[in-house]
Amino acid sequence: MKSALIDFFKKEDKTYIDQLKSYTIIDTIIAVALYVLIMIVYYYMGLINARTGEYYGEIVNISIIVITIILCLKDISRAGISSRNLIKSICISLVIGIIWLVSFSIIPNLKAGYSFLPLNIILDNAVYYFVIIAFSEEISFRGFIQPRLYPVLKKEWLVYLIGGLMFVSLHYPFQMAVRGMSFMEYLPFFLAGAPMQLVLHYVFTWLYRRYGNIFGATILHGCVDMTMGLFG
């Protein structure tokens with residue numbers, strides 16, 4: 001039983017591993033450039049939100065999705081868009097995601113006396129969190145940026161470690177700017193949330209590595225974010 005469980009978590013999608021090891025330094029440069037671009041755009045998006053109240057997250061993240069797809073037009077599976085193991089990845093992600101929602105949102109909020117939001121608002125939130133946030137982050141970062149760090153870092157564990165730090169930091173510029181804080185002022189808030197984000201990063205990465213597509217990771221990512229979208 002123990003051996004079967006270990007094998008389940010260690011199993012990897014061969015195509016994903018082959019792709020990981022096929023990237024070149026040029027791929028790394030393009031990936032890092034996209035990462036830097038996203039960081040800059042998120043920072044200025046936060047500044048605009050803080051100064052005017054306008055939020056451009058939808059158009060920015062949809063643009064990120066489009067850019068990533070354009071960069072992978074020759075083979076979209078290199079951004080994690082693949083039907084490989086699709087049903088398995090969706091099923092396990094739904095199970096984990098539902099457990100997460102029940103444990104961290106539904107039970108605590110019902111106990112606290114909060115009511116569910118109207119269904120139309122929940123559906124709007126679902127589109128936002130699953131597509132605008134989760135899918136855009138998974139296709140751009142997990143699907144495109146992180147695997148292309150391999151030519152420089154050479155080792156998978158180092159790719160996932162450095163990739164995790166990059167993924168967590170991806171949330172820094174917008175949150176810092178929207179709060180009107182300097183880098184050092186926002187640092188304690190960032191460090192408070194970073195450990196959980198890092199753990200989730202490794203779970204999302206495991207789903208991608210295990211099943212060879214980003215859809216499972218997207219579903220779990222969306223479920224995690226939906227803890228903010230069910231109750232008023």
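Author: Start with a contact. I30, A31, L34, Y35 and I38 in helix α3 meet S140, F141, F144 and I145 in helix α6. Contact means heavy atoms within 4.5 Å. By class, this contact has 8 nonpolar, 1 polar and no charged residues. Ala, Val, Leu, Ile, Met, Phe, Trp, Tyr, Cys and Pro count as nonpolar, Asp, Glu, Lys and Arg as charged, and the others, Gly among them, as polar. The model is predicted: local features need pLDDT of at least 70, side-chain atom pairs count only at pLDDT 80 or more, and totals for chains, interfaces and linings use all residues. Residues are numbered from 1 along each chain as its sequence is written, and side-chain values use heavy atoms, with hydrogens and water left out.

Reader: What makes α3 and α6 roughly antiparallel to each other?
Author: Their angle. Helix α3 (residues 25-52) and helix α6 (residues 119-145) pack at about 155°, with their axes 10 Å apart. Angles under 35 degrees count as roughly parallel, over 145 as roughly antiparallel, 65 to 115 as roughly perpendicular and the rest as oblique. The pair is therefore roughly antiparallel.

Reader: Why is α8 called oblique to α10?
Author: α8 and α10 pack at an angle of about 135°, with their axes 9 Å apart. That value falls in "the rest", so α8 is oblique to α10. α8 passes α10 in a right-handed crossing. This contact has 9 nonpolar, 6 polar and 2 charged residues.

Reader: Why does C91 count as partly exposed?
Author: Buried means under 20% relative accessible area, exposed over 50%, partly exposed in between (1.4 Å probe, protein chains only). C91 has 43% relative accessibility, so it counts as partly exposed.

Reader: What makes C223 buried?
Author: Its relative accessible area is 4%, so C223 is buried.

Key: Axes are lines fitted to C-alpha atoms, for helices over the stretch in contact, and angles run from 0 to 180 degrees between N-to-C directions. Helices (H or I, at least four residues) and strands (E, at least two) are DSSP runs, numbered from the N terminus. A crossing is left-handed if the near helix is turned anticlockwise from the far one by less than a right angle, and right-handed if clockwise.
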